[in-house]
There are 2 protein chains.
Amino acid sequence: MDYGAKSNDVVVSSRVRLARNIAGLPFPDKLSGEEEIYSVLMLGVEQAMSEITPCDFYKMHDIDPLYAQSLVENHLISKDLIGRQYSAVDIARSGDISVMINEEDHIRAQCIMPALDLDSAFEKIVRVDKAMSARLDYAFDPKYGYLTACPTNMGAGMRASFMAFLPALVLTDSINSVLSALQQLGVTARGVYGEGSGAQGFMYQLSNQAMIGASEEEILTRMKIIADKVIRNERIARGNLVKAAGLDLKDKIMRSYGILRHAVKLSSQEFMELLGYVKLGVILDYIDYKLEDIDKLITVSQPAMLCKREGKKLGAQERDIARAKLVRQQLAN
Amino acid sequence: MDYGAKSNDVVVSSRVRLARNIAGLPFPDKLSGEEEIYSVLMLGVEQAMSEITPCDFYKMHDIDPLYAQSLVENHLISKDLIGRQYSAVDIARSGDISVMINEEDHIRAQCIMPALDLDSAFEKIVRVDKAMSARLDYAFDPKYGYLTACPTNMGAGMRASFMAFLPALVLTDSINSVLSALQQLGVTARGVYGEGSGAQGFMYQLSNQAMIGASEEEILTRMKIIADKVIRNERIARGNLVKAAGLDLKDKIMRSYGILRHAVKLSSQEFMELLGYVKLGVILDYIDYKLEDIDKLITVSQPAMLCKREGKKLGAQERDIARAKLVRQQLAN
């Protein structure tokens, strides 16, 4: 079943990421000071990307740390990229495509699309990949496929993932059994901000694990089936939850909303929890907002984004105040 | 110092209550079936009151229990009056004066005024007392004064009290030392709904204990001095509280407000606690409401008042829902 844009009550965004490396060049962890080669790599990426879409290219050691952090918060780079040697990123101004250079692999190219739309994300990133491969000599083995720093990425060198909002599975205590079933299907769950970040606000990033030997199309098909299952499960759980918890749930949702509308201080963790309930309230038609606006709030209320907005570095307590202010303003609209 | 109406940030209302008994008639607890005498008592009260102000007279065994309960919630009768034999009440339509018949004493006449205004309450109830004494033969002893069922009321047979809102004394942990100091000055503290009701929403009803031999004026003067002390103490504590708790306090207040504005269910106890914070927020200019409207919310959200408003008997859970609905509506205005 193709939910398309109608899937955004469960799937926030879809992402396809390719890992590519340059033949004959040591993997980034083993890079030594042969600057010329990195220049070729960077230039190749920059030219390929600019052929496709207007971009901004940043060498990581040139960027303000706060700005780098805001790129992490916008899911445009990984935290790991910051501080790596010769690391850089090329970002489409449209915000959907970014190519990291010298993260774990020489090239990590990703496209993120709203809701469940792995096909579009795949098509877009394939165009980038083609443009890059025309300029760069990929490390590719006819038997093993694309060679990558971590063997789990070998083969298609592709990871497909989607961000899922699973409040009902959490609140009906079904999430663990669903996640372990997914694991058996080769799907890993992470929090909103990648490996190690807990699942906050009922959000889970689900991605394919190692699929050595699988083609891009197989990975894509697999993840679309997974998404379909997850969407069905969550929606059924929502129906059950509303039947079972009814007024208690609505009360919890409306109180969460009331607190977000009026609090003077909000920690990141509390904010994510309350917003998770409010988002569920929007889905259940208790509260009138656009889902996209609720999702955007998560990004703009991250630490570095708050500092950018306030135009200065903020301590933890100041961020909690700035976050509460921003949330009050945004929800008042 | 005379705060007058400006005292209502601390003193919600002032009350003067007189206890009177009829000479030769057994105290209510010992009444037996001599109906004629009670008719004389009731008629005397009714005529005296109607001379002063338009009234409604109710024999307690005639009233709907829910309506009786709503009179308790409006502080017009004591809970104790309901179910007593030959009990009745005459209530001024203006809502400030009520005379209970055959509660602990044959007559308990009270006047409640908003804010700190013991003088007006006293003047009004003295007029009622005079009109009654012209028709009824009070039990009065030249040495002991008015005779009452409980010896602690003997003498002037008068109790002066005021309802105080003391959030800062509570939140700075000073309330217990203040209350024990008041006790040494002959002042008893109770909750909003009299003896045995806990202090909810930072509200304390402070009244004079036994003052045998003291005149009405002495009692009045004493309680006005007490009120003055309490007002000063609370206001100083507020200043300290804002300095010390600043943003944490404001956050707690605004969250309480957010919950009251949006909750779907509110127990009586939680409501009182949250409203206490909101009232403090109004006083501190964080929230824009009239204090009187906040105080009125306490009465209209009581169980029987909620049933009256919804036009039917409500179970505990239904009341919590009706209370939340009412509070949302009232605070939205």
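Chain B and chain A bury about 1,500 Å² between them, 62% of it on carbon and sulfur atoms. This is a predicted model, in which local features need pLDDT of at least 70, side-chain atom pairs count only at pLDDT 80 or more, and totals for chains, interfaces and linings use all residues. Residues are numbered from 1 along each chain as its sequence is written, chains are lettered from A and ligands numbered from 1 in the order in which they are written, and side-chain values use heavy atoms, with hydrogens and water left out.

Trainee: What makes an area count as buried?

Mentor: Buried area is the accessible area (1.4 Å probe) that two parts lose on being put together, summed over both. Of the area that chain B buries against chain A, Arg255(B), His262(B) and Val264(B) supply 39%, more than any other three residues.

Trainee: How many residues of chain B are in contact with chain A?

Mentor: Contact means heavy atoms within 4.5 Å. By that rule, 18 residues of chain B are in contact with 18 residues of chain A.

Trainee: Why is the meeting of Arg255(A) and Glu270(B) called a salt bridge?

Mentor: The term requires a side-chain nitrogen of Lys or Arg within 4 Å of a carboxyl oxygen of Asp or Glu. The N to O distance for Arg255(A) and Glu270(B) is 2.6 Å, so the pair qualifies. Across the interface of chain B and chain A the rule finds four salt bridges.

Trainee: Which elements of chain B give two or more residues to the side that touches chain A?

Mentor: They are helix 6 (216-262) and helix 10 (316-332) of chain B. Helices (H or I, at least four residues) and strands (E, at least two) are DSSP runs, numbered from the N terminus. Helix 6 of chain B gives the largest share, eleven residues.

Trainee: Where does helix 6 of chain B bend?

Mentor: The bend is about 95° at Ala245(B), taken as the angle between axes fitted to the seven residues ending there and the seven starting there.

Trainee: What makes the phi of Tyr86(A) worth a remark?

Mentor: Most residues other than glycine have a negative phi. Tyr86(A) is not a glycine, yet has a positive phi of about 55°.
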